[in-house]
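Subject: A structure for you to look at

Hi there,

Here is the structure I promised to pass on to you. Please open it and have a look around before you read on.

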Amino acid sequence: RLYSALTHQPLETPGITVSLRDSVTGAEIDTTVTDSTGFFWFSGFPAGKYVATIRSISWHGREPFSNAGSGEHILNVNIPVQATPSVTFTKSGPSRALPGDTVVYTLSLDNRGSVGVTGIVIIDTLDRRMHFIAASVNGAYDSTSHQIMWQFARIDSLATLSCTATVVISDTISRPTTLINRSGMKSNEGTDLASQVGTAIVIPARLSIWKTTCAGEKINISR
């Protein structure tokens, strides 16, 4: 049966898929769904060690158990389940820039789930041709790895958070190129997401203009 890992009360939730897997190989042996009272059962599987797992949009959980012989296994497999966070992680920044420009990248975390997310770590890996200037909300820059790290204790359900990284594009870039800025986030709930932004570096055109005076003198005006 399913029960809440938070309240320790049964979850009378029908229609949740339960997977039976071999705990050694990880191979899926069978699947079933919970009935109207949250009960489920498997039958006819041989003796061995197994893991019963569920994962849905709203819930996730797992419970290992052993079966001494073939037959149904109902009473001794209670799966503690937790609400599944629904988190999106995005990164935004300029699509184009010039050498020497100061640009700002924004990293955003949006929790649309019914539970909070804890132990959040965000890491932003800068392109080597970017020079770090500043990071908002106490972001810590490591010059060796060229990374910025933010840590947040929690983001509540239906809440958002964001942080920014300010960098200067190297003024030594002489040819058009694209700088890739990669970032990722992890949490205690197992959320592992990534996002990246590519910024195209545009090289300004160099113009030369000649003007000829009435006296035939050529004047060179370059830019």
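Below is what was found in it, and please keep in mind that this is a predicted model.

Let's start with a sheet. Strands of a sheet pair through backbone hydrogen bonds, either parallel or antiparallel. Here, 4 strands make an open sheet in the order β9-β11-β16-β13, with antiparallel pairing. The edges are β9 (87-92) and β13 (130-135); each has a single partner strand, so one side of each is left without a neighbour in the sheet. On average, neighbouring strands are turned by 25 degrees against each other, direction ignored. Between β11 (residues 102-111) and β16 (residues 159-169) there are 10 bridges, and Ser108 stands opposite Ser162 in β16.

The largest nonpolar core has 26 residues, and Leu109, Ile120, Ile122, Trp150, Leu161 and Ile169 have the most contacts inside it. The strand β16 gives the most to this core, with 5 residues. There is also a second, separate core of 12 residues, including Leu11, Val18, Phe45 and Phe65.

Finally, the charges. How many salt bridges does a search of the whole structure find? The search finds 5. One of them joins Asp124 to Lys91, with the closest N and O atoms 2.3 Å apart. Asp124 lies in β12 and Lys91 in β9, so this pair ties together parts that are 33 residues apart in sequence. Asp124 and Lys91 are both buried. By contrast, Asp156 and Arg154, whose closest N and O atoms are 2.6 Å apart in their salt bridge, are partly exposed, at 42% and 48% relative accessible area.

Enjoy exploring!

Best wishes

Conventions:
Residues are numbered from 1 along each chain as its sequence is written. This is a predicted model: local features need pLDDT of at least 70, side-chain atom pairs count only at pLDDT 80 or more; totals for chains, interfaces and linings use all residues. Side-chain values use heavy atoms; hydrogens and water are left out. Two strands pair if DSSP finds at least two bridges between them. Helices (H or I, at least four residues) and strands (E, at least two) are DSSP runs, numbered from the N terminus. Axes are lines fitted to C-alpha atoms, for helices over the stretch in contact, and angles run from 0 to 180 degrees between N-to-C directions. A nonpolar core is a set of buried Ala, Val, Leu, Ile, Met, Phe, Trp, Tyr and Cys residues joined through side-chain atoms within 4.5 Å. Buried means under 20% relative accessible area, exposed over 50%, partly exposed in between (1.4 Å probe, protein chains only). A salt bridge is a side-chain nitrogen of Lys or Arg within 4 Å of a carboxyl oxygen of Asp or Glu.
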